[in-house]
Every structure is written in structure tokens, then in C-alpha cells.
Amino acid sequence: MALVSLLVKALLSLVLLLPFSSAAWEGEAQLPPDEYNTKGGPVKDKLNVHLVAHTHDDVGWLKTVDQYYVGSNNSIQFAGVQWILDSVVQSLAQNPDRKFIYVEQAFFQRWWRQQNKKTRKVVQKLVKDGQLEFINGGWCMHDEATTYYVDMIDQTALGHRYIRDQFDQYPRIGWQIDPFGHSAVQASLLTAELGFDGLFFARADYDDVKKRREEKSMEMVWRASKSLGKSAETFAGVMGHHYDTPVGFNFDMWSKDPPIQDDPRLYDVNVAERIEAFIKDNLAQAAQFRTNNIMLSMGADFVYSNANTWFTNMDKLIHYANKDGRVNVFYSTPSIYLDAKYEANETWPLKTDDFFPYADCPHCYWTGYFASRVGLKGYTRALSGYLQAARQLEFLVGRSATGPNTDELEEAMAIVQHHDGVSGTEKQHVADDYAKRLAIGAAEAGAVVANALVTLTAGQKAGAKEGLSSSADGFMHARVLLNEKAAPQADHDSEGHAFEQCPLLNISSCPITEKLIEEDTSLVVVAYNSLAWPRTELVRFPVASQLLAVTDMYGNPVPSQVAPIHHVTRTLRARHVAADQEAPFELTFLAGVPPLGFATYFLGTKQAGQPGLAAVAVEEPVNGFGTDFDIGRGALKLTFGGDSGSLKRIANKRTQTSLGVVHQSMFWYNASDGNTEANPLQASGAYIFRPNSSTEYPLWDTAADTFPRLSTVRGPLYEEVRQELSPWAVQTFRVSTDGADADVQYTVGPIPIDDGLGKEVVMRLETDIQNGKTFFTDSNGRDLIQRVVDKRPTWKLNVTEPVAGNYYPVNAAILIRDAATQLTVLTDRSLGGASLADGQVDVMLHRRLLHDDARGVGEPLNETAYGEGLVTRGVLKVGVHPTNESARWLRENALRVYSPLQLAFTTQKSGGAPAWLRSHRGSFSGLREGAQLPPNVALTTLQQLPDGTVLLRLAHLYEVDEDPELSQLARVNLRALFPTKIEKATELTLSGNQPKSAVKKKVWRVEGEESTRHASLRGGPFKDDDLTVELGPLEIRTFGILFAEKVM
């Protein structure tokens, strides 16, 4: 024992006497924290290593957003964002050289509300001094595959307003480090048009990244929109180490990586080896990037809850690496890094497509989440359109300072845009939390809508009330305004009328309309149109009787049709209401509604045989499939085959276009459980789509001869074919008399899993179009992106997953075309789509899986409700047109799908419709008399902010060269649009956080291009004296407006 003791002492003495292996810190004892030299910035003659300290905080994923904030439910994941922010602020205040970036305002604003004045002053100084920088700045880090552009803008604008108001700061950089692929709209709109200088992200296809590393093209100029062109290009970079630290340099308190130990009085001094490994990593990354600047992300998910462990080690890293002298290391931010890149005056490769689909291994395509949790996706999209309508009505009557408002729904919508929210890649309890927040927000917004309609309908019929004038279109138009400070909105009028809305109309559930209407009583139906064009379209809701008649505000009969509700719908509805409350019929009528306004219709009871009664349509079974049959009395005709009952031909008589349908149906892929020879560990899951094979399984046993079951409903307003393809899959083709398109309503679920097989359900239209393996999908509802089967624009694809590798996100539209004909399918939510062979359009509708895909969520995508698998219902709108005439139908109808008529109901007793009209307005438009937007311009946002400013966004709907007429420059005069004086109008950036004139765009040099800039077709400068707005193709312009008074 004595000998061992002497040996240990000798070895210890030897360690203490030996110099360090590098002369940079030879003989140096551990320094006090304030004596490490952490000052620095970019220099010209060395490799500059920018350390970017960050935490990536998911706004819901494994835990709910509030659980993540407070640090609860840690049995799932140890994470508490409030402790992260507390600790980071303390560490930053200890050293003015330290820097940190933060993204998610959903968390920061929760934290900010809890801080005292002293802490707030400290944070404001940190922000002012550049130590704490807000990057991205949205409420969350939104997804890019499953989000709609309006929602992406809204959630970003919400965060930017808080940052501006609290800190007078304007984020400069996009930081989309975790979304699972990146869209063209993210680059053009959510980066360039926000006024950002650049965009950084971590995820790109593994083969793409490999090639980029070899070619030093990890950073690029991304010109994502052919319409906006160079005017909306941006600098973009794929990060060198994902968004994590270099291997071995994670300094979190839970990390297994060794800290930098520099005290010679202690064992395990490792400065020399740590610095050597760090510099080696720096040099390896520098070999893959251009210029002498590289960025290292020093962070990971939910780190810095003990920020001292990070900053103490980074202080040492900077100090000793700089003493070594081979590299120049310093605290930095993406803004500082990007400025250094710009100063280098380098040329950069050009990127013109997007970054979908994303794969991280040969059999690991992240294309499943395009259709994960389709119920949440549908709910989110429906509430997006509803939020815009509610904001408009809130503006029209004046935002109430004390009553309900749209803020709760705005925040809930912002949270669910998170890349583990609407994407469907969260745990089930988190998805439930998102849905709950949406429902709470929708309820309050519903009160705003109902109360606003009470206010707007109050008045006299014939324009006798001051402020109303009638016009040739038969609608009342506003021309006077309410006072600046609006009174609290009442939930009922002086006669006790209150409006009810029916969010479950998709399953024909609406309690107020399902009651029997008594004699001398009218059901009052108010239809609100959030579009800035007049529209005429069918509305439908359940009713208890067939002996009904619809009249307009002038007492004129309105064509209407009553049909039996399908038994599948009744089954769905029975889960929500008692059987004795179920109405057996559905009433449909044609409503005409003014722009940004409402029209009123009345439903009353009549005796059989009286004029004006709704036409009665009956459901008739189709037996035997003997001969072909068709539906459609108007411009569109659908023909179904007598041999199988499936769709056979689509003919558009209006455009003389006919499309042969080889086959139309649904099928399912068998989701891989991971037990395959090619990759035994990769299952299909919430993120990844991986069928076991390309085999397409039918929904029913064809030998049993039980399915499909067909029936028809025919009437003067619409005709439909109801197809029961299996006990758990139904589709209904509906063609209206006045339309030139078909609605395909699908009901899928509960998907059976008693055979032990996960299933991914797809609807396919197989036609005779020769599209040459080329198809198009939309980018977040805006640009159409060309896709080619088994091909990528910038690298040679190794085809390992012939199905999953060809799926792309479909937010609004997927289409195929040849020289003569275009087939377009519009969706009411984000889904996945493909065209695997010529003439085919595939849309994935639903998924139910039994295995986790090992990407972190830790549970299979197996949604249930009412004790069985989840049922989803949605609508696809199908159009067939000549290729050169298809754009108008696509753009107009995509907007109509997003912004449906909003219906509200009340009952007028004792006198019916005449009594109502003696004391109420029958119609209203929030625009000046005769005003509407041009057919190529949409009103995207009309929102009154708490400070009284009105946020207005106008969007050009068409791409360049998409339509010979509508792809041209559009002009809108704001003075002529609204019926009141505009005191001031200022053009703002897309998020509305600053004047557009304050943004100075960086111009980047592109490899192989001349330095001269070729202007895209964009609107000219906005002049606040003229108030005329010009918009070029796909351009969105944002304005802050101060009205003299409130509009009504």
C-alpha cells in the first residue's frame, strides 16, 4: 500500500510539473471568470469561428406548450423554458461579450409577463446592446410543409409586434432550423418580403447535403419564386452541424461531453486536447463553406437551463483557441455572421426550387407527416379562414376594449403553426392540447362574429337608417362610420335576437336549424362573405322537414332543394347529439352575398303543393351496374361506369373539355413495421412514410361482392353519387347545376387494424392525360412548384423508395396537365400528394399506424375517438379545363375553399320575415358602394390592432405568365375601396412591424450571372397622397391604415 501511495504522489507531481502540450497556455493557471479574454469579432486574415449560443424550444411536441414553459411533466422530457430564460439573462449580464439568440415568442412573452421592472430593464439593455437578439421572431418556428401562407404570416406578425413594442427591435434573420424540409414561400415571402437579410436551416436531404459539402455550396442565393424573381431572393444556408454543437462540445448540465478543465491543481486537465479537437472540427467545416467565416450553433433542444455551464466553457473555448492563434473565435449571432459573409463579396450558387421532400437516409423519407393528424390539419385550416372573417367583422363594428375579441384565436392559431403542431408529429396529448386551445379561441371569436352581426343587422330594411344606401346590386353599402371608441358589442338586439353558429355543419349538425319551424315563424339565415368580391354559391344545413321554402330579403322565392342525409353522416352525427334531436334532411339553396358583407335569407314552413316549396330529392340505390349513368345538369357532367360504378369520364361543356378517367377509387399502402431486409429499423410513423412495398391494397374484398354500394340524389340545384367503398370509406361526388367543378366529399375511418397492419389511405384519379411524369403542387397556397417523378433538380436521385420519395406537400392544389387538358384537385387542408405514373393524381387522406418511426415522438400515430379509430371527413374539389384556361378556376376556387361563406342563424317569431325586415338590415357591404377588388387581387388581412391601426394586406393571386390577362399588374385605390376617409396609410413589411422604406435589401452576387439586376414585374412605390396600390404577380403588400372613424 505504501508503494502505491508513493507512486500516486510521484505521478501527481509529474503532472503538476509538466508544461501543457500547447505553448498557447503553457504554465497558465485557471483564470478568474472575468479574466478570460472573450472579446472579438471577424478579422480578415484568419478563419473566423462564430459561436452562436441558442436553445431550440418546441412550442409543443412531447409536452404541451405550457408544460414546456413551466417545466412540468418531466417524466417525458426534462425541459422548463422559464428556467432557461432566467439563467440566460443572468449569464449574459455577467459578461458584456456574451451573446445569445432567442426565437419562440410564445415562450418569451409568457416569461416577460412574469418579470418585474428591474429584470425588464436588464433585458431591454441586453437587447439594445446586442447581447440578446431575437431571431425569426415569430410566435413559433412554423412548419413549412403543412402551413398555409396566411397563417405563416400571421404567427410571424404576432411575434414581431411584441418585439417592436417592447424593444423597438426588428428581427433580421430567418432561423428555421428544425422544420422537416423547406418551402419556396418560406424563402420568398417569409424571409425576403419580411425584410430579413437571410435564412438558416438544418434539415436538407442527406444526398443533397453530401453534394453541397463536396461543392462548397452549403450556402447559396435562394431565388424561390419565379414570379417575384430576384426582388425576393435571399441568402440561405444549411448549417454545418445540424443545429447542434460540434461533436463533443455540448456543455449542457446533462451532457456527457467533457467540460474544458483548465485548473492544473485538479486532475484531468484537457485544454490541449479539447482545443485541438475544436480547431480540427473548425477546419473540417471551413473546407465545406466559402469565405473565412463559419458559424457554429452552440445549443440543442431545451438547453441552457443552467446557462453558466455553457458560457463558462465557451469563455474558455474562446480564450484558449484564440491564444492558439490558428483560428479567431468569438461570440456571435447569425446577423453578425451574415454581415461578414456579405462583406466578403463572394459569389454564391443559385437555388431556384425548394427543399422537399426531406430524407435523412435511403429509406427514411419524411413525407408521412404531410398527412399525419388530418383532423387537426382540417380544423386548423377551417379556423384560419374563420379568423380572417372574424377579424373583418371586428374591424367593421370596432374592436371592443372590454368585450370578446379575436386575440385568443390568433394566439392559438399561432401556436399550432409550430413544426410539431399542425404537422401532426406531436404526442397525442399535445395534439389534444392544440385542439383545446383552438376550440377556446374559436368560441371567443364566435362571440365576436355573433355580436358583430347583431350590430350590423340592426337597422331598417329599405335604407331608411342613416348611413345606408341601396345600389344597383340590391345590397346596402356602408357610407358612415361609428365613433372612434366602439361601445361593447351586445350579444342580442333590442328584441332579444342572438345569432348561433354551427361549427359541425360538416356532419350536418346544427341544433337551431334542426327544430321544426312553426307557422308565422322564420329561421333567419345570415351569410357573411369575407372575400372582397360578390359571390353566389350553395349553402346547406340540416332541417327537420321537407315542407320548407326559402325567400330573400325582398320576399322573392329562392331555389332550394331538400335531400335525405346519408346514413354514414347520421352515424357520425349520432356521436355528438341525441338520436331524437337528429334532423333527417339537408336543405340547400343558392345564396348571393356582397363583398365583405352579408345577405339575409328566410326559411319558413309551407303546405304541400304551395308555390316556392323546396324541391325534394330522394336517394335512389344504383343496382346491378348495368349501364353507364351520369350526373350533372349544368356545365359539368360526370359519367360512371355500368360495370363497376366508378367514375369514367369528366366533361366540361362550358369549355368543351372532356377527360377520360381510367379508374378512380381509394386504396391503402401497408405501412412498414421496420422489419424489412433493406432497413430493419425504419418503420412508417408520424414523420416518415414507408410502405412495405408499392402494392396497393383495395378497401374491400372484391370476391365478397358486397361493396361498393352506390346511390344517387338528383335535384334542380345539384346531383350526387354516394359511393360506399367499404364499411370505413365513403365518397360522394357532388355536381351543382351552376358550377363547372365537382366536389368529392370523403369519409375515411375508423381504419381497421385488427389484422395487425398499419394503413395509409390514398385517393387516386387515373386519367388519360399524358403529363410526362411531371406534376405540380402548391407552395403554402402560393407558387406552383414543378415536380418530376424520381428526379431532383439539383442532384441525381438514388431511387430507394419509389412511392414515398415522390410524395410532396399539398396545401391547396395538385395538378397534372398535357398540351390540351389540365386536371386540378383542390384540398381543404394540407395533405400529401403525388403523380406516380402518367395521368395519375394521388392524394393521401388518412393514416393509422402501429409503430413509431424512431424520430423522437415515441409513440405510433394511432388516433382514436369514441373508443375506435378516428374518422376524418374532407372535401376535394376537382376541375377539368383547357390547360391555357385553367389558372383562373384554380386561383378563384382555392380562395373560395379557404374562405367559405360563414353562416349564422336566429329565429324570428310573430310575423316571420316581414317582421324581421322592419327592424333589421337585410344586407350589408363593408366596401364603398360599387367597390370590389380586381379579380386577380385578394383581401388577405383586414385586422384592427389594439392601438387602433388597421392592418391591411392585399395579395396578387396569379403567377407570372399563368394567365394572359390576370397575370398582369393590378391596381387598387384604397380611397375608392372603403367608405370613409383614410387619415394615413403607410406601407409596411410583410409582418407589419416597420415601414417598408426602412428595409435596405442586400444584393448578393450569383455564380454565372452579371451583376446587373433584372427587375421582376412588381408594383410601383406607394404614394400616400394618391393611395393607389399596384401589385405584380404573386406580390403581397401590407399597409398600416388610420381611418377617420370606424367603418360600418
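Four strands form an open sheet in the order β17-β21-β20-β23, with mixed pairing. Its edge strands are β17 (535–543) and β23 (615–616), and each pairs on one side only. The model is predicted: local features need pLDDT of at least 70, side-chain atom pairs count only at pLDDT 80 or more, and totals for chains, interfaces and linings use all residues. Residues are numbered from 1 along each chain as its sequence is written, and side-chain values use heavy atoms, with hydrogens and water left out.

**The open sheet**

- Strand β20 (residues 560–564) runs parallel to β23, with two bridges between them.
- Gln561 has Ala615 in β23 as its bridge partner.
- Strands here are DSSP runs (E, at least two residues), helices are DSSP runs too (H or I, at least four residues), and both are numbered from the N terminus.
- Two strands pair if DSSP finds at least two bridges between them.

- Seven of the seven residues of strand β39 (residues 821–827) are buried, so the strand is mostly covered.
- Buried means under 20% relative accessible area, exposed means over 50%, and partly exposed is in between (1.4 Å probe, protein chains only).
- Thr821, Leu823, Val825 and Thr827 point one way from β39. Gln822, Thr824 and Leu826 point the other way.
- Strand β38 (residues 813–817) pairs with β39 in the antiparallel sense over five bridges.
- A hairpin through three residues joins β38 to β39.
- Leu823 of β39 stands opposite Ile816.
- β39 also pairs with strand β44 (residues 872–882), in the antiparallel sense over seven bridges.
- In β44, Val880 is the bridge partner of Leu823.

- Strand β48 (residues 950–956) is largely enclosed by the rest of the structure, because seven of its seven residues are buried.
- Val950, Leu952, Leu954 and His956 point one way from β48. Leu951, Arg953 and Ala955 point the other way.
- Strand β47 (residues 937–944) pairs with β48 in the antiparallel sense over seven bridges.
- Leu939 has Leu954 in β48 as its bridge partner.
- β47 and β48 form a hairpin with five residues between them. Gly948 in the turn has a positive phi of about 95 degrees.
- β48 and β53 run antiparallel and are joined by six bridges.
- Val950 stands opposite Ile1041 in β53.

**Enclosed spaces**

- Rolling a probe the size of a water molecule over the atoms shows where empty space is left.
- On a 1 Å grid over the protein atoms alone, a cavity is a set of points where a 1.4 Å probe fits but cannot get out. A pocket is an open set with protein on both sides within 12 Å along at least five of seven lines. Lining residues have an atom within 4 Å of a point.
- Grid points are joined across faces, edges and corners, and a volume is the space filled by probe spheres set on the points.
- By this rule there are 14 cavities of 30 Å³ or more.
- The largest cavity holds about 120 Å³ of space. It is lined by 13 residues, and the closest to its centre are Tyr148, Gly781, Arg891, Ala894 and Leu895.
- Helix α16 (residues 886–898) gives the largest share of this lining, four residues.
- The second largest cavity has a volume of about 100 Å³. Among its 13 lining residues, Leu895, Tyr898, Ser899, Leu939 and Thr940 lie nearest its centre.
- β47 gives the largest share of the lining of the second largest cavity, three residues.
- That lining has eight nonpolar, five polar and no charged residues. Ala, Val, Leu, Ile, Met, Phe, Trp, Tyr, Cys and Pro count as nonpolar, Asp, Glu, Lys and Arg as charged, and the others, Gly among them, as polar.

**The second largest pocket**

- About 610 Å³ of space lies in the second largest pocket. Of its 31 lining residues, the closest to its centre are Glu193, Ser231, Lys996, Lys1001 and Arg1018.
- β53 provides the largest share of this lining, three residues.
- The pocket lining has 10 nonpolar, eight polar and 13 charged residues.
- The pocket lies between domain 1 (177–240 + 332–347) and domain 4 (937–1005 + 1014–1043), because both give residues to its lining. Domain bounds come from an automatic or database domain assignment.
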